[in-house]
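Look at the structure below and keep it in view while reading. The paragraphs that follow go through a few of its parts in turn.

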Amino acid sequence: MSDSVLSKASADAAVLDKPGSVAESYGIPLAVLLELTHRCPLQCPYCSNPVELERGSAELSTDEWKRVLSELAAIGVLQVHFSGGEPTARKDLVELVQHASDLGLYTNLITSAVLLTRERLAALADAGLCHVQISFQGNEPLLADRVGGYANGHAKKLEVARWTRELDLPLTVNAVMHRQNLHQLPNIIEMAVALDADRLEVANVQYYGWALKNRAALMPTLQQIEDCTALVEAARERLKGVLAIDYVVPDYYALRPKTCMGGWGRQFFNISPSGKVLPCHAAETITGLAFDSVRDGTSIAEIWRDSEALNRYRGTGWMQEPCASCAFKEVDFGGCRCQAFALAGAAAATDPACALSPLHERIFKTAEAEAEGGGDRFVYRNFAGGTAET
């Protein structure tokens with residue numbers, strides 16, 4: 001790390017520690033998501049990246065990402081998660097992992113795995129990569145490859161998972177679940193065990209961005225969710241000490257909203273491929289917000305503290321009724337602003353996942369009807385900006 005970067009970051013850290021500062025109230029996040037690119041060979045119909053993707057020409061350079069990593073380490077961040085799009089599409093990934101490791105940062109690779117070779121995975125391990133998380137779309141090729149829109153993708157994922165354990169890297173299996181693959185969950189759990197994974201994320205699709213376009217084809221039925229919940233609870237007990245299982249249900253089947261990212265701008269931020277500092281990966285779906293960039297000449301610490309966009313929905317002062325007088329406002333911090341914008345048309349509205357929202361019942365009934373309707377056609381996304389259906 002250069003002396004100038006270290007000196008500036010140290011000064012920023014000192015400012016953030018002052019009484020009454022954002023950091024004193026919320027703390028510098030311990031982990032930050034780095035979206036290195038939006039490029040991806042898969043075309044998942046629930047893709048969480050923005051509808052308008054960043055082109056490769058707009059991505060931060062190798063040196064810019066290294067500067068970001070140095071700043072993050074200097075202000076107290078402990079973990080970085082390399083994500084995308086598909087982070088292995090970046091030719092400099094090994095170099096970035098090495099730089100992060102040299103700074104003492106814990107590194108996690110969140111990947112579809114289909115672009116990896118064993119040699120490159122070994123190079124990442126040698127560079128100090130600490131953990132690998134691989135997304136799976138099912139437990140057998142026919143359905144999994146149809147969901148991902150990528151031929152022979154499932155077989156490649158299994159291969160990379162085995163390489164990961166051969167290289168003694170911890171493995172997380174991320175299973176993105178929805179109506180068309182929830183019946184495979186028992187086999188997905190057994191697949192995670194067979195792959196010697198440390199953790200399984202049973203992550204039901206959340207419906208904003210591209211997933212909202214495909215809600216009718218993805219939304220599970222209430223019976224599916226109830227069966228899934230019982231299955232996960234039994235598996236957790238049965239596999240205690242063997243496989244840790246995280247479980248996220250769709251907001252549509254809740255009575256209160258989730259504490260999205262620990263609250264807007266409170267415990268988490270991610271950096272987009274072009275350098276924008278965001279409170280969550282979907283925040284750019286909210287039109288009218290201007291997010292500061294690491295390219296603007298302002299330090300990451302200053303952006304975290306002073307950004308108008310990050311401060312817009314921080315805490316509880318922005319809340320309208322019924323949120324403003326809700327007993328849970330310091331628990332869920334209003335839920336998801338992106339979901340409020342997508343479903344209610346205003347980011348400051350009550351999250352429709354909450355039973356107190358005037359939209360809750362109507363939206364739930366619409367989603368329930370879609371789930372029971374049984375449609376299975378996906379609208380895929382691709383980097384060229386077009387769409388395809390199957």
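Is Asn 152 buried or exposed? Asn 152 is exposed, with a relative accessible area of 59%. Here buried means under 20% relative accessible area, exposed over 50%, and partly exposed in between, with a 1.4 Å probe and protein chains only. The model is predicted, so local features need pLDDT of at least 70 and side-chain atom pairs count only at pLDDT 80 or more, while totals for chains, interfaces and linings use all residues. Residues are numbered from 1 along each chain as its sequence is written, and side-chain values use heavy atoms, leaving out hydrogens and water.

Asn 152 sits in the loop between helix H6 (141-148) and H7. Helices (H or I, at least four residues) and strands (E, at least two) are DSSP runs, numbered from the N terminus. The phi of Asn 152 is near 65 degrees, a positive value in a residue other than glycine.

Asp 196 also has a positive phi, of about 65 degrees, although it is not a glycine. This residue follows H8 and belongs to the loop between H8 and E6. Asp 196 is partly exposed, with a relative accessible area of 42%.

Now turn to helix H8 itself. Within H8 (residues 185-194), the residues Leu 185, Ile 188, Ile 189, Met 191 and Ala 192 are buried. They lie on the same side of H8, because they cover an arc of only 160 degrees around the axis; the arc is that of the directions from the helix axis to the C-beta atoms. An α-helix has 3.6 residues a turn, so residues three or four places apart point the same way. The partners of the buried residues of H8 are strand E4 (131-136), helix H7 (153-166), strand E5 (171-177), strand E6 (199-204) and helix H11 (222-238). Contact means heavy atoms within 4.5 Å.

Another packing involves helix H4 (residues 93-102) and helix H5 (residues 118-126), whose axes are 8 Å apart at an angle of about 20 degrees. That angle makes H4 roughly parallel to H5, a term for angles under 35 degrees. Axes are lines fitted to C-alpha atoms, for helices over the stretch in contact, and angles run from 0 to 180 degrees between N-to-C directions. H4 contributes Leu 93, Val 94, Val 97 and Gln 98 to the contact, and H5 contributes Arg 120, Ala 123, Leu 124 and Asp 126.

Two peptide bonds remain. The one from Gly 84 to Gly 85 is cis, with omega near 10 degrees, and Gly 85 lies in the loop between strand E2 (79-83) and H4. A cis bond also joins Glu 321 and Pro 322, with omega about 10 degrees.

Notes. Parallel < 35°, antiparallel > 145°, perpendicular 65-115°, else oblique.
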